[in-house]
Amino acid sequence: MAATLHPSSILLVPASQNEPKPMTTNSSPNLLANCKTLNELKQLHCDMMKKGLCHKPGNFNKLIAACVQIGTHESLDYALNAFMEDEGSRGSLFTCNSLIRGLASAGLGDQAILLYVHMVEMGIVPDKFTFPFLLSACSKIMALSEGVQVHGVVFKMACAQLGDLSVGKSSHAYVLRNGLEGWDNISNTIIDMFG
């Protein structure tokens, strides 16, 4: 015996509600900032790889920033692995600073310091944002010797901007006179480290 269907028992749903909306080619990188878990991030990263979107430096920076934003040891490890697998070819100052900040915040100062060394070996020149993160990493793991070395690099860079290494005493006045107050973050971090 065959069953008969009555029109009242059939639920009619418009076709547009059944079909998932296709993702646009560039939607995966834009969604990275919304990831709350590492699993969500990994799924989007996989989607980006399938679409060939990981080769753009901006998208790679978004991936690293999303890992840092999640802030777990696992997400930072994932970011470091992605960075090292890429051999830093898309590594930028922004990417390195993001990773160093994330590692320092998570208490992984040793890894932050090693990443800084790798960054310098790659020829990426640190800036005024690199050093507070790096000094914070040194402070959190009580790496006084490394902190003193970083302080020395900051001092040398400030003096090099003056054009004369023998004018060390005037470097602070130069910073204030020329509107480089952003370097005060470095001074505050150094005071915190030695305090």
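Colleague: Quick one on Lys51. Is Lys51 buried, partly exposed or exposed?

Modeller: Partly exposed, at a relative accessible area of 31%. Keep in mind that this is a predicted model.

Colleague: What does Lys51 form a salt bridge with?

Modeller: Asp47. The closest N and O atoms are 3.2 Å apart.

Colleague: And Asp47, buried or exposed?

Modeller: Buried, with a relative accessible area of 18%. The cut-off for buried is under 20%.

Colleague: Where do Lys51 and Asp47 lie?

Modeller: Both are in helix α3, residues 38–51. They sit four residues apart, about one turn of the helix. An α-helix has 3.6 residues a turn, so residues three or four places apart point the same way.

Colleague: How many salt bridges does the structure hold?

Modeller: One.

Colleague: Switching topic. Which residues of the largest nonpolar core touch the most other members?

Modeller: Leu32, Leu41, Leu99, Leu103, Leu115 and Val150. That core has 41 residues. At least two residues come from each of α3, α4 (57–70), α5 (73–85), α6, α7 (109–121), α8 and α9 (144–162).

Colleague: Which helix gives the largest share?

Modeller: α4, with seven residues.

Colleague: Back to Leu115. What is Leu115 in contact with, leaving aside neighbours within four places in sequence?

Modeller: Leu80, Phe83, Met84, Cys96, Leu99, Ile100 and Leu103.

Colleague: Now helix α8. Which of its residues are buried?

Modeller: Thr130, Phe131, Pro132, Leu134, Leu135, Ala137 and Cys138. The helix covers residues 130–140.

Colleague: Where is Met142 found? And is Met142 buried or exposed?

Modeller: In the loop between α8 and α9. Met142 is exposed, with a relative accessible area of 74%.

Colleague: Last topic, confidence. What pLDDT does the protein chain average?

Modeller: 75, and 66% of the residues score at least 70.

Colleague: Which elements have the lowest and highest mean pLDDT?

Modeller: Helix α1, residues 15–18, has the lowest, at 45. Helix α6, residues 93–105, has the highest, at 93.

Colleague: Where is the pLDDT below 50?

Modeller: Over residues 3–25. Beyond near neighbours in sequence, that stretch has 10 contacts in the model. Where pLDDT is low, the predicted coordinates should not be read in detail.

Definitions and conventions. Residues numbered from 1 in each chain as written. Predicted model: local features only at pLDDT ≥ 70, side-chain atom pairs only at ≥ 80, totals over all residues. Heavy atoms only, no water. Salt bridge = Lys/Arg side-chain N within 4 Å of Asp/Glu carboxyl O. Buried < 20%, exposed > 50% of the residue type's maximum accessible area, 1.4 Å probe, protein only. pLDDT = per-residue confidence, 0-100. Contact = heavy atoms within 4.5 Å. Core = buried A, V, L, I, M, F, W, Y, C linked by side-chain atoms within 4.5 Å.
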